[in-house]
Amino acid sequence: MYAIVEIAGQQFKVAKDQKVFVNRLPEDEGSKVSFDNVLLIEDGANITVGAPAISGAQIGAKITRHLKGDKVIVFKKKRRKGYRVKNGHRQSLTEIVIESISASGASSSAKKAEPKAAPKKKAAAKADDLKKIEGIGPKIAETLNANGIMTFADLSKTDSKQIAEFIKDVRGNHVPDTWPAQAKMAADGQWDELKEWQDRLDGGIEK
């Protein structure tokens, strides 16, 4: 028996007694946690698919430890500008052990709803390339995505102080003051104007 569940913004295929590393959870080590955003459960020949989640299904787990992942090096360079930035990042993780998979409340009607649900999920998964914003690299883009900022429109509506809070664990000196304004121009399709502005920026800061 296995299930596909969303935990801390990521989807995992899990089974009983399996160890899983997820983005850092707020609970303490040794705490019991449960996740109810279960997308699929397989029990032998019986497969139940949610639309998008299975009503009543739940995954029970125990937090064994908090840790940091392997270091990732992010190197950015601009040709003919003498701009080079090298940053390292270690993602904060939590190790959990899956203790139970409960399908109570799941029904075959959820499986019938799958054809209608699939297009909606595909549309929701579409995201903009936030790395097109001057000052945003792969790790920051990943961190913003994990905090629900998926599109230029999302970023343009987010206060720079809130952005700074989201990325405080990303190594390096990041100044997001211009990111919402850049994102607004990208969302409006003003790419020529944005490119001219970005040529005057260095790491998201006006030269």
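How many salt bridges does the count come to in this structure? A salt bridge here is a side-chain nitrogen of Lys or Arg within 4 Å of a carboxyl oxygen of Asp or Glu. By this rule, the count is nine.

Before the details, some ground rules. This is a predicted model, in which local features need pLDDT of at least 70 and side-chain atom pairs count only at pLDDT 80 or more, while totals for chains, interfaces and linings use all residues. Residues are numbered from 1 along each chain as its sequence is written, and side-chain values use heavy atoms, with hydrogens and water left out.

I will start with the sheet. Strands and helices are DSSP runs numbered from the N terminus, with at least two residues (E) for a strand and at least four (H or I) for a helix. Two strands pair if DSSP finds at least two bridges between them. Four strands make an open sheet in the order β2-β1-β5-β6, with antiparallel pairing. Its edge strands are β2 (10-15) and β6 (46-49), each of which pairs on one side only. From one strand to the next, the twist averages 15°; for such angles, axes are lines fitted to C-alpha atoms, for helices over the stretch in contact, and the angles run from 0 to 180 degrees between N-to-C directions. Strand β1 (residues 2-7) is joined to β2 by six bridges. As one example, Val5 has Phe12 as its bridge partner in β2.

Next, some backbone details. Most residues other than glycine have a negative phi, and most peptide bonds are trans. Ala8, in the loop between β1 and β2, has a positive phi of about 50° although it is not a glycine. Arg80 also has a positive phi, near 60°, and sits in the loop between β7 and β8. For accessibility, buried means under 20% relative accessible area, exposed means over 50%, and partly exposed is in between (1.4 Å probe, protein chains only). Ala8 is partly exposed at 32%, and Arg80 is exposed at 74%. The peptide bond between Ala51 and Pro52 is cis, with omega about 0°. Pro52 belongs to the loop between β6 and β7 (58-78).

Back to the salt bridges, with three examples. Glu142 pairs with Lys139, and their closest N and O atoms are 3.2 Å apart. Where do Glu142 and Lys139 stand in helix α3? They are three residues apart in α3 (residues 138-146), so about one helical turn separates them. Glu142 is partly exposed at 41%, whereas Lys139 is buried at 10%.

The second example is Lys168 with Glu165, at 2.9 Å from N to O. Lys168 is exposed at 56%, and Glu165 is partly exposed at 43%. Asp199 has a relative accessibility of 32% and Lys195 one of 45%.

On a 1 Å grid over the protein atoms alone, a cavity is a set of points where a 1.4 Å probe fits but cannot get out; a pocket is an open set with protein on both sides within 12 Å along at least five of seven lines; and lining residues have an atom within 4 Å of a point. Points are joined across faces, edges and corners, and a volume is the space filled by probe spheres set on them.

The largest pocket holds about 470 Å³. It has 19 lining residues, with Asn23, Gln91, Thr143, Ala146 and Asn147 nearest its centre. The elements giving two or more residues to this lining are β8 (83-102), α3 and α5 (160-166). The lining has four nonpolar, nine polar and six charged residues. In these classes, Ala, Val, Leu, Ile, Met, Phe, Trp, Tyr, Cys and Pro count as nonpolar, Asp, Glu, Lys and Arg as charged, and the others, Gly among them, as polar.

There is one cavity of 30 Å³ or more, and the largest cavity has a volume of about 90 Å³. Of the 13 residues lining the largest cavity, Val74, Asn87, Ile140, Val170 and His174 lie nearest its centre. At least two lining residues come from each of β7, β8 and α3. By class, this lining has four nonpolar, six polar and three charged residues.

Lys157 is exposed at 71%. Its C-alpha atom is 6.7 Å from that of Pro180, 23 residues away along the chain.
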